[in-house]
Structure formats: structure tokens, C-alpha cells
Amino acid sequence: MSALDIRQKAWSAALIVLFFVAWELFCLMTGMSDLVLPRPSQVLVTLVERFPVLWPHIIQTLATTMFGFVLGVGLGVVLGAVIGVSKTAYDTAYPLLIGFSSIPKVAVVPIFVLWFGSGTVPAVLTALSICFFPIVVNIATGLATTEPELEDVLKALGASKFDILWNVGLPRTMPFFFASLKVAISYAFVGAVLSETVASNRGIGNVMMTASSNFNVPLVFAGLFVLAGLGVALYVVFSLIEGQVTGWATRKNDVIAT
Amino acid sequence: MRMQANSEFSGEPVSSGSAPIAIELSDASVTFGRGDRAVPALSKTTLRISEGEFVALVGPSGCGKSTILRLASGLVQPTTGVVIVGGREVAARAMRVGMAFQNPTMLPWMTIERNIMLPLKIVEPFRSKFRKLRKTEFRDKANALLEQVGLKGFGGRFPWQLSGGMLQRANLCRALIHEPRLLLLDEPFGALDQFTREELWSILQGLWMTHKPTVLLVTHDLREAGFLASRICVMSARPGRILDDSHVGFARPRTVAMTFEPDFVALNQKLRAMIVDARSAVQEGTA
């Protein structure tokens, strides 16, 4: 890591600390009631005190999100591959996909509840339906934009369509795929929490809903902190995997001249 | 060094008699598109190439040279006529073909070594052994080829770490690794500077002399054609036909110095005159 990178990271950390310090000072100076906006220190204390109670809900939300996310990725990759390999399929299916993606997902939660009852199932389905679209689009675009010369090299060897997809199409699509995973995991979180808020008696979304109806505002914010923390953690995990798998797409500066 | 004069029947043995035929085009035409937008790329071309020959195709741009190459590789099907490669109709695509384009098309996510081994992953009989041998025998094979083109030690690099000339050398390795009986080259050195190009001619000549595949080379460079080929076919402007087909008898290995000797220059001028004629014929036609 270069000195520049370290300085960049130090600035990022400083900004985060500054944000919370400013928030704390703002509350102290204005004498803000903790029913409106609790101080970060209060939120932190609540978070630590209530952690044993929060823990099963964190697990619930995390499990729901991951389950929906995995299903969404599976569905997205298959659908994206089907659409991406054929120009005709790409052009034909695109309007329908845009239509589906334009539906606000809040609107579909009641439908899922109607079909499957409240609880885990609608949360998983909401996470799935909200996160699979960016994956479909990115996989399809990655495959559809593969250079014909790359494919010709394999075609001339008598490679099958599957050989070409496996050896050229999919690896070339990996940078697109991972970019979409980072978006999709955040979306899946939004979907799961959304559904928990509306129709569930477990999960962080439900905790926040209950806490706000009890005017336990610090606990509401503790829930927000947990969600933000989980979101960042998952993002980091996928960024690390991305760096390992698609390092070739982000060139370093060690080009060798001859 | 003595050079033999170029003419129809001198120099290297004329191979059309004894050797088996590698590629045969009989009255092959190719038309791209349909109806009003149909573009004829190749008209009724007959061409026979024997095994082990090194044939260069030259002609004005857009004359269908690359189309012949794509016919032989099976990437394009003839609209009319028949194309037979290695004794089979091309639709079957059973022939082991090696191919290299002007653009080196190395896959950016693989090291040079793995890029070169790619055909082994696709083509039988290597395909079924790929998992077992990719870290031993196949890797040695790739490195032996790399050494032959002067890229020893570069197998572990990624394509973007190499210059254009180095990538084109690696491209030749990839085209040859599965020991193809037929090597199809579409202006492989077109994007390189003069000196790198001349260096690669010698490398390609060396590879051809050791591996002895049948080579079909499309080029715009008449010196390149004269240096490398044992036979040069001159094509007319679109839709292409073969205007002239002559053997090149200069002794091998040929050197860059030879390309400035009178016999070689005379051959160049003869080819050039034919292509100039073919070009002006089109301009009169369209005027």
C-alpha cells in the first residue's frame, strides 16, 4: 500500500469520526431531546446494553438477506446468461425487465404477504426481487459486449457455444458481475428490512418498528447503526473477493516497455 | 547467397502433384447480407492448396482475402460452391486449425502461458488430458514455443504487460500449440513497425520450417509475401477472384537482406503492377 493510499484511508476515517463528533456536539449544544435525535454516545450505550436481545434479530435479518441474495444472484446469473448470449433475446426481453424493475418494491411486499403470510418468506422474496435486476443487466451487458474477435479465436478451433461462454464470455463478464454484486447486496438488505418492517415479528426492521412505536428512539437508531455496519461489512467482503477474482481488469502501473 | 529467379516452374518443387490437398475451394462464392443489401465478397473462386505449402494472398483492400481465410476456418460458410479442408467439407469443422489475427486477442484475465494453452483446453486429443497435464507437459510445451519466439520467461506475465510485438509472438505460439496441420494468418503483423515485422518474419519462417504446417497468410505487405511464401496468389478487387498464382522459389532460410536483391525486387514490382491494375479496374467500373 502506498503512502497516498494510507493518507486517503486516514482522511476517510477522520471524516467518519468528525461526523459523529459533530452530531454529538450538535445535540449537546441545542439540548435536543433524545426522543427526537439521540446522541451517538447514547445510541452506542443502548446498542451494547441491548445487544443480547438484538443478536437473534441481527441473525434473522442477515440470514434473510443472504438467502434472498443468493437466490437473486442464482436467478440473475441464469437469466442474464440466457439474455446475454443472444442479441435477439437481449432486445426482446429488455422492455419487460425494465418494466419489472420500475415497480417500487414497497408495493409488492403486501402481495407477498397475501400469498405467503408474514414472516421470513416475504422478506426473502422481497430481497430477491429487489437485488436480482442489477445482476441480470450486468451479466447480460457483459456477455453481449464480448469482442467478436475473442470468440472467433475459439470458434476457429471448433469450440462449442458452451466452451465459448465458459472460457471467454463468463470470465470477461466477471468485473461487471462483481460490480453488480456490491450493488445487489445493499439492495437485498433494503428489501429484507423493508419487508420485516411491514410484516414480520422478527428481524432488525421489526425491532426498529416496535421501538419507534414505544418511543424508544435510541433503540431505533441502534438498529440503524447495526444495519449500516452489516451493509459496510458485506460490501467489504465482496470488494475483497472482487479484487481477488477480477484483478486483471484494474491494471497496475507496472507495465513493461520494450 | 544465390537466389533462384521467380517464375511459374522454378525453385521449390511444385507441390500440386504428390502432396495431399489441405484446402480446396471449388467455385466458392460468398455473399454477405440478402436482397438489396447483399454484398458479394468472393465470386466463384477455385483454389487448391497442398499440405505443407506456405501460400500468401495479396490484393487490394476489401477484395475477399480475409473471406477465403474465414471460409477455410469454418467461420463463414460458402453461399455457393464447396470448401473442403483436410478432406472434409468445412461444415464438419473437424480439422485442427490454428488462427491468428492482426489483433493479438489475448484474453486479459489469463497469463500469457495460459492464453497460449487455451487451444489445448478446447481441441482433442489434448482436451481430455488438459486437467492432468496443464501443469506439466502442456506448460512445458507452451514454454518451449515461447522460447522459440524469443519470449522465454514471459509466460507468467499478463497480456497488458507486453508490447504489441511481444503479444503478436505469443499469438503465433497460441496458433501453433495444438500442432495444427493448417495455420491461418490474417495480417498478423499489420499493426507492427517495420523492424519488429521483419524480425517476426524470420521467427514465423523458423516456426514453419520446424513444424511444417500448411499456411495461408493474408497480407498487404508484398515484401512480407515474398519473404515468407512458397506461393503467392493475387486477387482482384471486390468481388474477389484469383488473378495470378505463382510459386516463389527463393532458397530458405530467407533473410531480410535478400528482400533488397534484384530478383526479389522484380517479383515485388510484378505483384505491385497486378494489384495497381486490379484497383484501377474497379475505379473505372465505378466511375
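Biologist: Hi! How many C-beta neighbours does B:Glu187 have inside 10 Å?
Modeller: B:Glu187 has 19 C-beta neighbours inside 10 Å, so it counts as partly exposed. A residue is buried if 20 or more other C-beta atoms lie within 10 Å of its own, exposed if 12 or fewer, and partly exposed in between, with C-beta atoms placed from the backbone. This is a predicted model, where local features need pLDDT of at least 70 and side-chain atom pairs count only at pLDDT 80 or more, while totals for chains, interfaces and linings use all residues. Residues are numbered from 1 along each chain as its sequence is written, and chains are lettered from A and ligands numbered from 1 in the order in which they are written.

Biologist: Thanks. Where does B:Glu187 lie?
Modeller: In the loop between strand 7 and helix 6 of chain B. Helices (H or I, at least four residues) and strands (E, at least two) are DSSP runs, numbered from the N terminus. Phi of B:Glu187 is near 45°, which is a positive value in a residue other than glycine.

Biologist: Which other residue has a phi near 40°?
Modeller: That's B:Thr105, again a positive value in a residue other than glycine. B:Thr105 sits in the loop between strand 6 and helix 2 of chain B.

Biologist: Which way do they point?
Modeller: B:Leu182, B:Leu184 and B:Asp186 point one way from strand 7 of chain B, while B:Leu183 and B:Leu185 point the other way, and all are buried.

Biologist: And what does strand 7 of chain B pair with?
Modeller: Strand 6 (residues 97-100) of chain B pairs with strand 7 in the parallel sense, over four bridges. Strand 8 (residues 214-218) of chain B also runs parallel to strand 7, joined by five bridges. Two strands pair if DSSP finds at least two bridges between them.

Biologist: What do strand 7, helix 6 and strand 8 of chain B make?
Modeller: A right-handed β-α-β unit, with helix 6 covering residues 194-211. A crossover is right-handed if, with the strands pointing away from the viewer, the path from the first strand over the helix to the second runs clockwise.

Biologist: New topic, B:Ala170. Why is it buried?
Modeller: Because 27 other C-beta atoms lie within 10 Å of B:Ala170. B:Ala170 belongs to helix 5 (residues 164-176) of chain B. Leaving aside neighbours within four places in sequence, B:Ala170 is in contact with several residues, including B:Pro104, B:Met106, B:Ile112 and B:Leu151. Two residues are in contact if their C-beta atoms, placed from the backbone, lie within 7 Å.

Biologist: How many residues does the largest nonpolar core have?
Modeller: The largest one has 92 residues, and B:Val55, B:Leu57, B:Ala72, B:Cys173, B:Leu216 and B:Leu217 have the most contacts inside it. Helix 5 of chain B supplies the largest share of this core, seven residues. A nonpolar core is a set of buried Ala, Val, Leu, Ile, Met, Phe, Trp, Tyr and Cys residues joined through C-beta atoms within 7 Å. There is also a second, separate core of 45 residues, and A:Leu143, A:Phe176, A:Leu194 and A:Val207 are among its members.

Biologist: How many residues of chain A are in contact with chain B?
Modeller: 20 residues of chain A, and they meet 23 residues of chain B. Helix 7 (148-155) and helix 8 (161-198) of chain A are the elements that give two or more residues to that side of chain A. Helix 7 gives the most, with six residues. The side of chain A that touches chain B divides into twelve nonpolar, three polar and five charged residues. Here Ala, Val, Leu, Ile, Met, Phe, Trp, Tyr, Cys and Pro count as nonpolar, Asp, Glu, Lys and Arg as charged, and the others, Gly among them, as polar.

Biologist: Which residues are buried in helix 7 of chain A?
Modeller: A:Val153, A:Leu154 and A:Lys155. Their cover includes helix 8 of chain A, together with strand 6 and helix 2 (112-122) of chain B.

Biologist: Last one: where is the cis peptide bond?
Modeller: Between B:Arg252 and B:Pro253, with omega about -5°. B:Pro253 lies in the loop between strand 10 (242-247) and helix 8 (262-286) of chain B.
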